[in-house]
Amino acid sequence: MRAEQITDAVTFHGEGPVWSPAWGGLRWVDMLAGDVMSLGADGTVARRHVGGVAAAVRPRRGGGAVIGVERGFALEDADGTLTYLPELWADQGVRMNEGGCDPDGRFYCGSMAYDKRPGAGALYRLDPDGSTSVALNGVTISNGLDWSPAGDAAYYNDTATQQVDVFDFDGRSGLTGRRAFVSIPDEDGAPDGLTVDEEGGVWVALNQGGEVRRYTPSGVLDEVVEVPVQGVTACALGGPRLDELYITTSREGLAPDEDPPAGSLFRAVVGVRGRPVREFAG
């Protein structure tokens, strides 16, 4: 299966696509530009600047969005007003990177060092009451995070490990029992963003691998979506039937005239449906 290009190269480092009817379709981020992107029904692209970094975005149940920004979280109200919560750390060499919401409506976003030094990051949790906590320490590049359809398992990438991990999950104990789900050979690319479909299949973007792979709940590879760009960063299922895989890409590390489609948004109709996005309850 091969993905089609549906926008120009509109981002430097596209990441984190999310489909929600509440905000009219697809949003994603131009992470290092600090912009939240949106795709219009007519294919037009809009952007909104939210800070030095726009790491991840999810809808709020009451309207608006929760956003991972450079060193913490921001809340967007339904009218577009932005409120920045207190920064979680002072080290300017560390930034937020990727996240998602659990079945109870708590928002997780993980960090990484700009220089990618090992163990400098963590996975943070924002609760609906505005309190924050650390869910996981000693992370190098905190990346894709999503839950199984039943909500009893969470899939997670620390990219530097070259594997997708799975946790047991319940609302009281949180993430427990971490173990490897699948390992990715170095030559195939690095595990980046991920999403889980309604059948429990795990779709994993392979950065510098030029593809998105689907693994069954038992960890068996059963689908590959080819993308004509090496810097594949993240994916999400959306569209009216939730059966369209939207794929973000990056120009990071490329010369201006190198790999022209990099930074574009891609799409493939994959024959399996996603599930409605989990929203932040705050």
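Two strands count as paired if DSSP finds at least two bridges between them. The model shown in these views is predicted.

**View 1. An open sheet of 4 strands.** The strands follow the order β10-β11-β12-β13, and their pairing is antiparallel. β10 (94–101) and β13 (132–139) stand at the edges; each has a single partner strand, so one side of each is left without a neighbour in the sheet. From one strand to the next, the twist averages 20°.

**View 2. The pairing of β11 with β12.** Strand β11 (residues 107–113) and strand β12 (residues 121–126) run antiparallel and are joined by 4 bridges. Opposite Tyr108 stands Arg125 in β12.

**View 3. The largest pocket.** This pocket holds about 420 Å³ of space. It is lined by 22 residues, of which His13, Lys116, Asp192, Asn207 and Glu252 are the closest to its centre. Two or more lining residues come from each of β10 and β18 (190–196). β18 gives the largest share, 3 residues. By class, the lining of the largest pocket divides into 7 nonpolar, 9 polar and 6 charged residues.

**View 4. The second largest pocket.** The volume of the second largest pocket is about 160 Å³. Its lining includes Ile6, Trp19, Leu26, Leu39, Ala41 and Tyr246. Gly24, Gly25, Gly40 and Gly43 also line the second largest pocket, as do Asp42 and Arg267. The lining of this pocket comprises 6 nonpolar, 4 polar and 2 charged residues.

Note on methods: Residues numbered from 1 in each chain as written. Predicted model: local features only at pLDDT ≥ 70, side-chain atom pairs only at ≥ 80, totals over all residues. Heavy atoms only, no water. Axes fitted to C-alpha atoms, helices over the stretch in contact; angles between N-to-C directions. 1 Å grid on protein atoms, 1.4 Å probe; cavity = no way out; pocket = protein on both sides within 12 Å on 5 of 7 lines; lining within 4 Å. Points joined across faces, edges and corners; volume = space filled by probe spheres on them. Nonpolar A, V, L, I, M, F, W, Y, C, P; charged D, E, K, R; others polar.
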